[in-house]
Amino acid sequence: MRDRRIPAANVFGPQYYLLEQWGFRKLADTTFMMGFLVSADAGHDDLERYFRALRRAQAELDLEPEPYKHHWLAEMPEDLRDAADARRFGAGERIVFEPYTREMFDRTHRWLERWQLFDLVAGERSTYEQAVLA
């Protein structure tokens, strides 16, 4: 993209903001949902503290992102940092603290199975109870 050898790309994070500064424009929104991987032996109290801290950090970023925007530069390859004006970057990804319901889990798994993205024998995948920490 930097050298204008390809006409389009799917990017997010600091690369998205940098390409925007270089005059590229968004053709399609590519939002997605991500979960957290947690060790089976992680303590419930530790997880509660961790997610409470993430919630406070998200609130701070929502209220005043400017003091933190310079951290975007650490996410970029060194050869692109000088070309980036992090002050013009957005707040980036948001952590949305919503439950991941059984319906969402089942719908996602049906989609993954339809596209044959599982490398599992039928019936071998995790159940909602095994996969989701409530």
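A salt bridge is a side-chain nitrogen of Lys or Arg within 4 Å of a carboxyl oxygen of Asp or Glu. The exercises below apply this definition and related criteria to a predicted model.

**Exercise 1.** Determine which residues are linked with Asp-3 in a network of salt bridges, and classify the accessibility of Asp-3, Arg-2 and Arg-5.

*Solution.* 
Step 1. Asp-3 and Arg-2 form a salt bridge in which the closest N and O atoms are 3.6 Å apart.
Step 2. Asp-3 also meets Arg-5 through their side chains, with an N to O distance of 3.9 Å.
Step 3. The network of salt bridges links Arg-2, Asp-3, Arg-5 and Asp-79.
Step 4. Asp-3 has 45% relative accessibility and therefore counts as partly exposed. Arg-2, with a relative accessible area of 44%, is partly exposed, whereas Arg-5, at 70%, counts as exposed.
Step 5. For the model, the count by this rule comes to 8 salt bridges.

**Exercise 2.** Examine the pair Arg-49 and Asp-46: what is the N to O distance of their salt bridge, and how many residues apart are they in helix α2?

*Solution.* 
Step 1. The side chains of Arg-49 and Asp-46 meet at 2.2 Å, N to O, in a salt bridge.
Step 2. The two residues are 3 residues apart in helix α2, so about one helical turn separates them.
Step 3. Arg-49 has 44% relative accessibility and hence counts as partly exposed. Asp-46, at 45%, also counts as partly exposed.

**Exercise 3.** Is Lys-69 buried or exposed, and which side chain of opposite charge is nearest?

*Solution.* 
Step 1. Lys-69 is located in the loop between α2 and α3, the latter comprising residues 78–81.
Step 2. Lys-69 is buried and has no salt bridge. The nearest side chain of opposite charge is that of Glu-66, 4.1 Å away.
Step 3. The side chain of Lys-69 does reach the backbone oxygen of Phe-89, at 2.6 Å.
Step 4. Leaving aside residues up to four places away in sequence, Lys-69 touches Ala-86, Arg-87, Phe-89 and Gly-90.

**Exercise 4.** Describe the surroundings of Tyr-128: which residues does Tyr-128 touch, not counting residues up to four places away in sequence?

*Solution.* 
Step 1. Helix α5, residues 128–131, contains Tyr-128.
Step 2. With 18% relative accessibility, Tyr-128 counts as buried, because buried means under 20% relative accessible area.
Step 3. With residues up to four places away in sequence excluded, Tyr-128 touches Tyr-100, Thr-101, Arg-102 and Phe-105. The Tyr-128 side chain reaches the backbone oxygen of Tyr-100 at 2.8 Å.
Step 4. Arg-56 is 72 residues from Tyr-128 in sequence, and their C-alpha atoms are 28 Å apart.

**Exercise 5.** Identify the residues that make the nonpolar surface patch, and locate Val-38.

*Solution.* 
Step 1. Phe-36, Val-38, Tyr-50 and Leu-133 make a nonpolar surface patch of about 400 Å².
Step 2. Val-38 lies in the loop between α1 (14–21) and α2 (44–63).
Step 3. Val-38 counts as partly exposed because its relative accessibility is 37%.

Definitions and conventions:
Residues are numbered from 1 along each chain as its sequence is written. This is a predicted model: local features need pLDDT of at least 70, side-chain atom pairs count only at pLDDT 80 or more; totals for chains, interfaces and linings use all residues. Side-chain values use heavy atoms; hydrogens and water are left out. Patches are made of residues with over 30% relative accessible area and no salt bridge: like charges are joined within 9 Å, nonpolar side chains (Val, Leu, Ile, Met, Phe, Trp, Tyr) within 5 Å. Accessible areas come from the Shrake-Rupley method with a 1.4 Å probe; for residues, only the protein chains shown count as cover. Helices (H or I, at least four residues) and strands (E, at least two) are DSSP runs, numbered from the N terminus. Buried means under 20% relative accessible area, exposed over 50%, partly exposed in between (1.4 Å probe, protein chains only). Contact means heavy atoms within 4.5 Å. A polar contact is a pair of N or O atoms within 3.5 Å; within protein, one must be able to donate a hydrogen and the other to accept it, and residues adjacent in sequence count only if both atoms are side-chain atoms. Lys and Arg count as positive and Asp and Glu as negative; His and the chain ends are not counted.
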